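Subject: Structure for your files

Hello,

Here is the structure I promised to pass on. My notes follow below it.

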Amino acid sequence: MRDFKKYDIWQSSHSFTLEVYKITSHFPKEETYNLTSQIRRASSSIPTNISEGCGRNSDKEFNQFLNIALGSANETEYLLILSRDLHYINTENAITLLDKINSIKSKIYNLKQKLISPTA
């Protein structure tokens, strides 16, 4: 069994999720059960699926959870764009968060490649 806390990708995605929670705490009250909830669930799904995948018995199973984490990262990216376009996040913060989510997506992809390569 893998220790998810040792993975850089888990640490990055956990820190990112904390940032999302902080920034969404300033979203309009009427978005509490809509966009705020959805972006928090999507972002927290990334480290959640990485940690759950680490508890699986094979690289194939771990890879399946990384696929889910990658899907959640894509969902989070869109929700950040939507939040920016609705002016809930200023452009500077949006650029920073979008850079971070794209870095996370790249790290997930690279880890997936290591898992499925013949030498893994």
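Is E77 buried or exposed? E77 is buried, because its relative accessible area is 17% (buried means under 20% relative accessible area, exposed over 50%, partly exposed in between, with a 1.4 Å probe and protein chains only).

Before the rest, two notes on how to read this. The model is predicted, so local features need pLDDT of at least 70 and side-chain atom pairs count only at pLDDT 80 or more, while totals for chains, interfaces and linings use all residues. Residues are numbered from 1 along each chain as its sequence is written, and side-chain values use heavy atoms, with hydrogens and water left out.

Salt bridges

E77 forms a salt bridge with K105, at 2.5 Å from N to O (a salt bridge is a side-chain nitrogen of Lys or Arg within 4 Å of a carboxyl oxygen of Asp or Glu). E77 lies in helix α3 and K105 in helix α4, so the pair ties together parts that are 28 residues apart in sequence. K105 also counts as buried, at 16% relative accessibility.

A search of the whole structure finds seven salt bridges. Another one joins the side chains of E19 and K100, at 2.7 Å from N to O. Here E19 belongs to helix α1 and K100 to helix α4, so this pair ties together parts that are 81 residues apart in sequence. E19 is partly exposed at 29% relative accessibility, and K100 is partly exposed at 33%. D3 and K5 also meet through their side chains in a salt bridge, at 3.1 Å from N to O. D3 counts as partly exposed at 29% relative accessibility, as does K5 at 45%.

Helix α3

Helices here are DSSP runs of H or I with at least four residues, numbered from the N terminus. Helix α3 covers residues 59-85, which is 27 residues. From first C-alpha to last it reaches 39 Å, close to the 39 Å expected at 1.5 Å a residue (the expected span is 1.5 Å times one less than the number of residues). After α3 comes H87, with a positive phi near 65 degrees.

Leaving aside residues up to four places away in sequence, I108 touches I9, I46, L66, A69 and L70 (contact means heavy atoms within 4.5 Å).

Regards

Note on methods:
Helix = DSSP H or I, 4+ residues; strand = E, 2+ residues; numbered from the N terminus.
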